[in-house]
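Here are my notes for you, written as numbered points to read alongside the picture.

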Amino acid sequence: MATVIIPTPLRKFTNNTARLQVGAGTIHDTVQELTVNFPDLKKHLLDENGNIRSYVNIFIGNDDIRDLQQEKTAVKEDAVISIVPAIAGGSPDSPANGTGTPGATNGTPTNPTALFTKEELARYNRHIIIPGFGMEAQLKLKKAKVLVIGSGGLGSPVLLYLAAAGVGTLGIVDFDVVDDSNLQRQVLFGVDEIGKPKVEAAKRRLQALNPYIQLNLHNTHLNSQNALEILKDYDVIADGTDNFPTRYLVNDASVLLGKPNVYASIFQFEGQVSVFNYRDQQGKLGPNYRDLYPTPPPPGLVPSCAEGGVLGVLPGIIGSLQALEVIKVITGVGETLSGRFYIFDAINFESRTFTIKAREDNPISGKNPSITALIDYEQFCGMRAVEEKKLKEITVKELYDLQVKGESFQLIDVREPHEYDIVNIGAELIPLATVADNADRIDRDKTVIIHCKMGGRSAKAIRELEEKFGFTNLYNLKGGILAYIDEVQPELTKY
């Protein structure tokens, strides 16, 4: 049997069925079978002469039948047929778009004023008039409490769209301040917020967007000591973090508390979305992050966005999808990405969705769980604990003094060549991945200062050199080349 995907505008004529099975044959046979089984569909697919209407396109796989044999195109048993009619937002003045008073749906009381103010009803009108969503789903949004962890690239669109949608209580976890490098993608913030705590800047923006919601601020670093206490009061967790220790912390806390965890991640041109630890309406519990990735990659293998970069529009795309999944989890409308893992490749505009399943050997939710409480996630991910011996550091002002005095020292840049071409301060270029192979180029008899963009990669380089080769004369440039530009040479290019 072939599969026909029915678009949203036509599902009301197919008993709200999104996918239908039809016999093999031709497109003509498929359309005839559909119109016989669903007579009300006929006038929307065929004109008075029995031809497919001009505003309806039909695809087999990715191919338009107009580029094949049109209605005579053969339909194989495993074919996927997509009906794609033209759609538009419609005129805001049209009564068909709900300018009248919305009625109750799905068993909601006919008088909604007891649940929503007049202003809220007007604000959420375009939700309330959607068949299958209506007042009941909007009320679920209003009653929901969602915790968004991170208000950066992903957190910005998630918070904006959840606030606009009417989620009644939004919690925001972030301990960072707004930096000018954030503004390329973190659309919650403007230049006036630079230097201010992100949670406070986010609150001002979201209150201006929707004054009918409650905002809870958690201006703190999420860790094993406070995670359960913070997460326990929320219904859904949206994970927009940018490091592996917090990923596993959020996952484990969500599992221990029985909270659904809506996950998203971005890097350069690629994004990922899924829903973890979600119990469906039949009571079946879906997989969690550890079912997908039992252990993290080695430290330094996958750089953060701050080091590796990200296309500014990508977190807007992926964060919007993350917000969509949060709304579906809250309302029960549609099918969530529980048990599925979605990947979007922006550079090629391709998307793939993979099936994932719970694993019996999952250490927190498998048959014999070994994790029954939150652990040290820095140690689990192979990162140094905060209390361990710190690296020797030098400030950019101290570096500048050495340069002015003409002191003898070696300056090494461990960034990538393309970054070096954008801006450099005369250092010797040895990219991080090649540091061990070039240890013989590093002087042991004088001060060696190593820098990168912000200080993270240079710290990794120093640890590797100290552990493998016994260097004792290495200093990390605090804040990296960006700090040097800010405090010493502001005329240089920042990136």
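How many bridges join strand E8 (residues 145-149) to E11? Point 2 takes that up, after a quick overview.

1. **Overall picture.** Please keep in mind that this is a predicted model. The protein has 495 residues, and buried residues make up 45% of them. Its secondary structure comes to 17 helices and 20 strands. Along the principal axes, the C-alpha trace spans about 90 × 55 × 55 Å.

2. **Strand E11 and its partners.** The answer to the opening question is 4 bridges, and E8 and E11 run parallel. Within this pairing, Val146 stands opposite Val236 in E11. E11 also pairs with E12, again in the parallel sense, over 3 bridges. Here Ile237 stands opposite Asn261 in E12.

3. **Which way the side chains of E11 point.** In a regular strand, side chains alternate between the two faces of the sheet. Strand E11 (residues 236-239) can be read in that way: Val236 and Ala238 point one way, while Ile237 and Asp239 point the other way. All four of these residues are buried, the aspartate included.

4. **An open sheet of 5 strands.** Further along, look for the open sheet with the order E16-E20-E19-E17-E18 and parallel pairing. Strand E16 (393-394) and strand E18 (428-429) stand at its edges, and each has a single partner strand, so one side of each is left without a neighbour in the sheet. The partner of E16 is strand E20 (residues 474-477), and the two pair in the parallel sense over 2 bridges. Ile394 has Leu477 as its bridge partner in E20.

5. **Aromatic pairs.** A pair of aromatic rings is described by the distance of the centres and the angle of the planes. The structure holds 10 such pairs. One of them is Phe116 with Tyr124, an edge-to-face pair at 6.4 Å centre to centre, with 70 degrees between the planes. Phe116 counts as buried because its relative accessibility is 3%, under the 20% cut-off. Tyr124, also at 3% relative accessibility, counts as buried too.

6. **A tilted pair across two strands.** The ring centres of Tyr263 and Phe276 are 5.4 Å apart and their planes are at 55 degrees, so this pair is tilted. It links distant parts of the chain, with Tyr263 in strand E12 (residues 261-267) and Phe276 in strand E13 (residues 270-276), 13 residues apart. Tyr263 is buried at a relative accessible area of 3%, and Phe276 is buried at 0%. Both rings belong to a cluster linked by ring pairs, whose members are Tyr248, Tyr263, Phe276, Tyr289, Tyr293, Phe341 and Phe380.

7. **Where Tyr124 sits.** Tyr124, from the edge-to-face pair, has its place in the loop between helix H3 (118-123) and helix H4 (125-128). To give you a sense of scale, the C-alpha atoms of Tyr124 and Asp242 are separated by 32 Å, and these residues are 118 residues apart along the chain.

8. **Charges over rings.** Which ring lies under the charged end of Lys392? It is the ring of Tyr475, with the charged end 4.9 Å from its centre. In a second case, the charged end of Arg444 sits over the ring of Phe471, 3.9 Å from its centre.

9. **Gly480.** This glycine lies in helix H17 (residues 480-487). Is Gly480 buried or exposed? Gly480 is buried, with a relative accessible area of 0%. The C-alpha atoms of Gly480 and His451 are separated by 5.3 Å, although the two are 29 residues apart along the chain.

10. **A nonpolar patch on the surface.** Finally, have a look at Phe269, Leu311, Val313, Ile317 and Ile347, which form a nonpolar patch on the surface. Together they have about 420 Å² of accessible area. Leu311 is in the loop between helix H11 (305-308) and helix H12 (314-331). With a relative accessible area of 37%, Leu311 is partly exposed, because this value falls between the 20% and 50% cut-offs.

Terms used: Residues are numbered from 1 along each chain as its sequence is written. This is a predicted model: local features need pLDDT of at least 70, side-chain atom pairs count only at pLDDT 80 or more; totals for chains, interfaces and linings use all residues. Side-chain values use heavy atoms; hydrogens and water are left out. Patches are made of residues with over 30% relative accessible area and no salt bridge: like charges are joined within 9 Å, nonpolar side chains (Val, Leu, Ile, Met, Phe, Trp, Tyr) within 5 Å. Accessible areas come from the Shrake-Rupley method with a 1.4 Å probe; for residues, only the protein chains shown count as cover. A salt bridge is a side-chain nitrogen of Lys or Arg within 4 Å of a carboxyl oxygen of Asp or Glu. Buried means under 20% relative accessible area, exposed over 50%, partly exposed in between (1.4 Å probe, protein chains only). Two strands pair if DSSP finds at least two bridges between them. Rings of Phe, Tyr and Trp (its six-membered ring) pair if their centres lie within 6.5 Å; planes under 30 degrees apart count as stacked, over 60 as edge-to-face and the rest as tilted. A charge sits over a ring if NZ of Lys or CZ of Arg is within 6 Å of the ring centre and within 35 degrees of the ring normal.
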